[in-house]
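Work through the following exercises with the structure in view. Each task is followed by a solution in steps.

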Amino acid sequence: MSSAGETESGEGKGGGRSSPYFLLKWIFRAMGLLLLVLLARALTHPDGDSVVLSLYPKFQPGQIIAGLFSHGNSAFVLSFLVYAVLTALFGRFFCAFLCPLGAGLEAAVLLRGFAKPKGYSYRRSGIWRSVVPFSLLLLFWAGITFPYGALEPYSVVAGAGYFGFRPSLALLVVLGSGYFLGRGFCNFLCPTGFILRLLSRRSLFGMRFKEGCVSCGKCAKACPASCVDYRNRKLDAGRCVLCLECASLCPAGTLSYGREAKAALGKAAAAKTDAAKTDAGKVLRRRAFLVRGALGAAAAAAYLTGEKARAEMLPELRRFPVLPPGALSLAHLNAHCTLCHTCLRACPNQALHPCENMDLALWRKPVLVAARGFCQYECVKCTRVCPTGALVRISVEEKRVWRLAQVRLKKESCVVITRETSCGACAEICPTGAVYMADGLIPGRPEPYVKPEYCVGCGACQKVCPVEPMPAIWISGLKYQDMLAQRAPKAEGPDAVLEDFPF
Amino acid sequence: MKRRTFLKGVAGGAAALGLSSASQGVVPALAQEARFPDLVAVRGDSLTAMFDRALSALGGLERYVQKGETVLVKPNMGWAVPPELAANTNPELVSHIVKNLLNLGAGKVYVFDNTCDNWAAAYRESGLEKAAKEAGATVAPGNDSGYYQGVDVPGAKYLERMELHELYLEADKIINVPVLKNHGGAKVTAAMKNLMGAVWSRGPLHRLGLDETIPELLLYKKPTLNVVDAFRVMLSGGPRGRGDSKYLAGRMLIASEDAVAADAAACAVIGVTGVDAPDYIRNAAERGLGASDLSRLNIQRLTA
């Protein structure tokens, strides 16, 4: 901006306020600011139903990347693929106007423009730019997430918003970096920027030099990402955040957004193959291969370490969903289920629902949601209506011992313990005697106990448990449905007899 | 003699005052005409005969229900198990009561329960839907929150607001016909506990404590008459019953206007008395909702 005055009087077409890029640059900044203001408002005016808060983070690639590696479910995979394809095609549009921190950084860049008209200069790319963000990702994959959150744009802004945008260290560091380094943050600290940089290195569209450059150097001076090498008429597309400073200043109008000219492409390819043929080129290629291999191995090691921890932390309910009776296993259900949902309609207890997990193996598959209804003992209706045999026909006799899930009891959450009251709702409804009340810590105050060997996993106990929000007793899915080896023993002998009036 | 009549009159007046302020439950029992017992217990081989014997001792059904009145008969039919397992009220007894009410000229007789098992299965398997329908009752569903209305409960400490079934609210008279059973959480279930089947959301009762909340079921509206089926009594594994449930051949029917007294007698049948008795009976008596001390009641023991 500071140099806008100079270029006004500049020669020829393009450059200055007459350039369409000048207008676009301000449109991008305005969009970034508008989104930031919306987010800031939502963050500082707590409202449980805030649309902004429920949508905004879901479109943040930094959050998508985090979700991708900690859940790996298909919602994240799909969102990430969309971002990856768009970024590979069009460059780092996210950094231009969608990043909440980008708007703040642009403000710092503007401020610097007033104070230090000297501007920026081109800096070479190098592997050192990846050290911090790659380490953050390694730590995140390994299960240590807070360093990632300290520099991931949405987390920085939302975290600051929680404290009403009081000047915090993170905020000062990030915005200070904007003042001193322009968009340098985006290219050697930001983990989102790192991933987007890799994706956009050879983007189809981007800022390109056309014929007619006069080598005035204004573009390089104006580039807050220090990615314009005007001497060689090259621009590092990976680092370019599409702020459009360069194009809006270019007096000759040679810098513009578009595809690489075919001639230039051919030339670059030829140069590359020539370079590769030299010995030095071979050494460089080998070195690059080894470095990449080592980094990949480190990433894999970190991810596997973290994955083990994550698998242990994942609730059992998520590991194996509770499938309808007769589904046998998720693999069997997936091999036969056409998602017709007839079983859902047939269930008299409305216990079956389309799975809301976005994992492709589960999405819309019929699952038992015990919180809404339990599997009625001796009921086999769903297995009778299934048209494809995804739910195999089982008899009522088999259903009595058909194990859908296993019961879990967290007694320290039970109201008998926490409130010292009588309850027994779980034992009351248990059809098999797997859950029962017996004396516990307090005399005369029966506590629930479970005999897993009698449990068919119907979920009735979970449905009626009054503990909120997580029930004290619940069912967790099994990898394979099976049949109980035994049922609770039958009482033998005649009823006891009441001889006389006991009162 | 004259002084005695005078005192009786005073007591009756006090009872009337008590009734009008609807704050005391014990006073009417004290002031009751002496010729009718507080509680009748009948032993025999047939529940229907035992019911007839009990009601004749209590002065007949017509003492409780007038012609043209709408009556709710509230059995326990919470479980999808056959009648012989005695997890639900005996269908023959319910059928007999419905028939008697209609013979008496009751306008309409309703039967429903908010079941624990799937409602259609419980209505069917318990045999109660068929029995009540054949006897002429209207069997109403209780499986949707739409049938229940929120009411403010006067004097409640825990359940200031309850969602009660519209039939429970609208019926002129309520005949509470529970089955006596062991209960995993509440220890014993009979008259008071059976009223939980008229409430939509049972979560709060369990959460706040059954012993504290069950007595409050009597606060909004008390049943006109409680008839406890103690013919075959589940002694363990209740309330649903399990394969290893033990039973007692109780061969008894308990009838009383006082649900607390009926529960106290029921506990004696099941053998849970003294300090072992459920706290909800003690709590109900302490809050003046009924009498739990059987030794101070006029009990008639009969055989049919």
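**Exercise 1.** Determine how many bridges join β11(A) to strand β11 of chain B.

*Solution.* Strands are DSSP runs of E with at least two residues, numbered from the N terminus. Two strands pair if DSSP finds at least two bridges between them. Here 2 bridges join β11(A) to β11 (residues 247–256) of chain B, and these strands run parallel. Within this pairing, Val497(A) stands opposite Ala249(B).

The model is predicted: local features need pLDDT of at least 70 and side-chain atom pairs pLDDT 80 or more, while totals for chains, interfaces and linings use all residues. Residues are numbered from 1 along each chain as its sequence is written, chains are lettered from A and ligands numbered from 1 in the order in which they are written, and side-chain values use heavy atoms, without hydrogens and water.

**Exercise 2.** Describe the contact between chain A and chain B.

*Solution.* Begin with contact (heavy atoms within 4.5 Å): 38 residues of chain A meet 43 residues of chain B. Next, consider salt bridges (a side-chain nitrogen of Lys or Arg within 4 Å of a carboxyl oxygen of Asp or Glu). The rule finds 3 across the interface. Arg445(A) and Asp211(B) form a salt bridge through their side chains, at 3.3 Å from N to O.

**Exercise 3.** Decide whether Thr115(B) is buried or exposed.

*Solution.* Locate Thr115(B) in the loop between β3 (108–111) and α5 (119–125) of chain B. Buried means under 20% relative accessible area, exposed over 50%, and partly exposed in between (1.4 Å probe, protein chains only). Thr115(B) is therefore buried, because its relative accessibility is 9%.

How values were computed. Helices (H or I, at least four residues) and strands (E, at least two) are DSSP runs, numbered from the N terminus.
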